[in-house]
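Here is a short note to read beside the model. Keep the sequence and the 3D view open as you go.

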Amino acid sequence: MTLSESAIREHYRRVKPVYEALATVSDYPTIGLNDFVGWYIKRDHDDVEAIKAGYPQRGRVACLDRDYDEIHDRLERTLYAVTTYKTPTAFQRWEPCRYDESEGTTVWQDEPPTPRYVDLRAVPAWGDIDLADDIKPERGDLDAQTRELVERTLDAYIDEYATLYRSRDAVYALDSVGGAYVFGAPEATLPIAGHFSDDPDALERVFDEFLDRSNAWLQEAEDRVNERVDGAGDVIQPDWVNNKNRQYKPPLSVHASHDAVVTPIATDDVRYDHRPFEAVDDALIEQAVAWADDLTRVEHTDCVDSLVATLWSDLYENHDGWRATLEAWVDAEREREQERQQRREAALQRRQERLKELDGSLEGRPITPFKEDVYEAVENIDIAEIARHYVSDAYDTDPNQPRPQFDPCWRHSESGQSCFVDEQANTFGDSKVNAGGGPAKLMALATGIISDADTDLGGEDYWAAVDELRSAGYDIPVWVPEAGSDRVDGGTYDQMPFWAVRKAAVALGVCPEDAFVDREGEDGTYEGFPGFETYNETLEAIEAAGLEHGRERVTPDENAADGKAESPTTTSASDESAGDLDRVHLREKNRVLTTKVERLESELEERPERIEALEAEIDQLRTELATARSERDRLEEALKEREFEQEPSQEDRDEYQSPLDMARRVLSFGE
């Protein structure tokens, strides 16, 4: 990269008309930012209370056209815009802030004024169609065969977008230098914004879901393209990460790593032509302005029906048009949320009543009859600590970002910055798949229980992740449903299930987990106590912890020669310990152990390679050391020879002696 600051500033001054054309769809603006970090416009203010609190400025997000001159003055190399267009009020929210010099971040007194899903209006389905990592550095020097394959692959992706929008005219593309961007017409969602204009909650739900579903649909499109175009996956590796504030390099923006600019691609005749910085002329600027005018022109609002029919295909066939489909989806989401809330409230009410009965004696106990106690303990774990120590190959990889970025261990990240931690919300996010979660999900990714951040964590996987958190040393009570508590399949437990008794035995320190033995029951082999004494001790410990187990003590069976008989209730077909729930628990344990085995085997396989690499490095260092020693010895000998040659003889020394020295010498001989 050889561009000077003055050349870059002059370039962005010349191409300003491109960004003026790109800045709004209808009356809805988009964000502009410099060098990936300049999100906000800041001003001094006179709010005395905020200033006293340490927030001497206020800020709002930067508008691409209105704030262009200020953005231009801050630019070092690369201009960014945001894919989505928002209501103008989103650019009028000023919030008190200060700049933290040591961290290089803006700190807000309350929430940052970044636009939310409810602010969206014109929203394209969008994708970053990246070149494969191994050919990205060759951009500008791609051989003819590779370039032709890239063009065929991009054309296939444009076809997929045309299917989604039912019109190739509603699809736009840019050569991003390191790949390409493909957009659907942003204005296609304006009818959705209009339909739900009086219902902000519904609008927010729909746009959030639209982006999730479009990202997922495009991931499926990638599979179709790779099947259709032989070798497509070798040259193109898309990044399907569109969200409410997704940055991209607009036309004629200068690439961060190449002295080249972003340029339009004609979707009806795909050509992947590299444009170096010095090739920007008036004709190219006019072409870029025309492309921006086309993208922001309102002429494809009728594509909304195709979008909803394709992305909500599970509902569209049973409803009359896109409006009824989205209304039905919103109603169903609200109903599900209400049911979840009712279940949570009922569980909390029962918990409060039970705690009142127990006079608070459960506080600090290692077991609990309430799932909510487990959830609360998990959510209180510092997710930044998990990210730093368990899931990141590198942590806080971009100090200029307000949230710590990290390089995830569960997938490759070229930038090392595609995942982040929201310390305030105690959550993480994966920008590649537009998903994230809390501490349990992050630990599940760390241990291989799940492999993608957009995979839901529930059922067995959740409890396996909780076990991993406990193994890592986090203090989480063990859930053991007591007699009278609700069952998962409806009804209530007549007695504490046997699997829960076993868990309580381990948590209360009565019986180590590896001390249980295989026994035969009515439903087959199950994991039982080593003896009736241990079983009885466990029941006593459960009682002492304040929980009701509803079980009878076991007495030795006179016919049992080994004295290890157990109550028939522990093997009854009606007891879930020897039934479904026990098998679920065993599957959880097996999953965790399998993950650990696979991880250890993988590490073991890598060790010989590391040893070989280290041995080769040692041999190389030994060779270099021998060479250095030889060279040193040679130089020392040469220096000795030179010193010997330069040392004066006795006659020379006498010749250069002063008269006083000569007199002293004569006198010494006289003595």
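Predicted model: local features only at pLDDT ≥ 70, side-chain atom pairs only at ≥ 80, totals over all residues.

1. Start with the open sheet of 3 strands. Its order is S3-S6-S14, and the pairing is antiparallel. Two strands sit at the edges: strand S3 (32-34) and strand S14 (247-248). Each of these edge strands pairs on one side only.

2. Which residue of S14 is the bridge partner of Val82? Gln247 is.

3. Another open sheet has 4 strands, in the order S11-S13-S12-S15. Its pairing is antiparallel. Strand S11 (126-130) and strand S15 (263-265) stand at the edges. Each has a single partner strand, so one side of each has no neighbour in the sheet. From one strand to the next, the twist averages 25°.

4. Within that sheet, follow S12 to S15. Asp175 stands opposite Thr263 of S15.

5. Which helix lies across S11, S12, S13 and S15? Helix H5, residues 144-165, does. Helix H5 runs at about 15° to strand S13 (179-184).

6. Next, the cores. In soluble globular proteins, nonpolar side chains tend to be buried together. The largest nonpolar core here has 98 residues. Tyr12, Tyr19, Leu22, Leu154, Phe183 and Leu252 have the most contacts inside it. A second, separate core has 57 residues, including Val433, Tyr474, Val480 and Phe516.

7. Take Leu252 as a worked case. What does Leu252 touch, leaving out residues up to four places away in sequence? Among its contacts are His11, Tyr12, Val15, Val18 and Tyr19. Val261, Val262 and Thr263 are also touched by Leu252, as are Leu284, Ile285 and Ala288.

8. Check the length of helix H18, residues 532-544. It has 13 residues, and at 1.5 Å a residue it should span 18 Å. The span counts one less than the number of residues. The end C-alpha atoms of H18 are 18 Å apart, which agrees.

9. Finally, see how H18 packs. Its buried residues include Phe532, Tyr535, Leu539 and Ile542. Thr534, Asn536, Thr538 and Ala541 of H18 are buried as well. The buried residues of H18 pack against helix H17 (498-507). Just after H18, Gly546 takes a positive phi of about 95°.

Technical notes: Residues numbered from 1 in each chain as written. Heavy atoms only, no water. Pairing = 2+ DSSP bridges. Core = buried A, V, L, I, M, F, W, Y, C linked by side-chain atoms within 4.5 Å. Buried < 20%, exposed > 50% of the residue type's maximum accessible area, 1.4 Å probe, protein only. Contact = heavy atoms within 4.5 Å. Axes fitted to C-alpha atoms, helices over the stretch in contact; angles between N-to-C directions.
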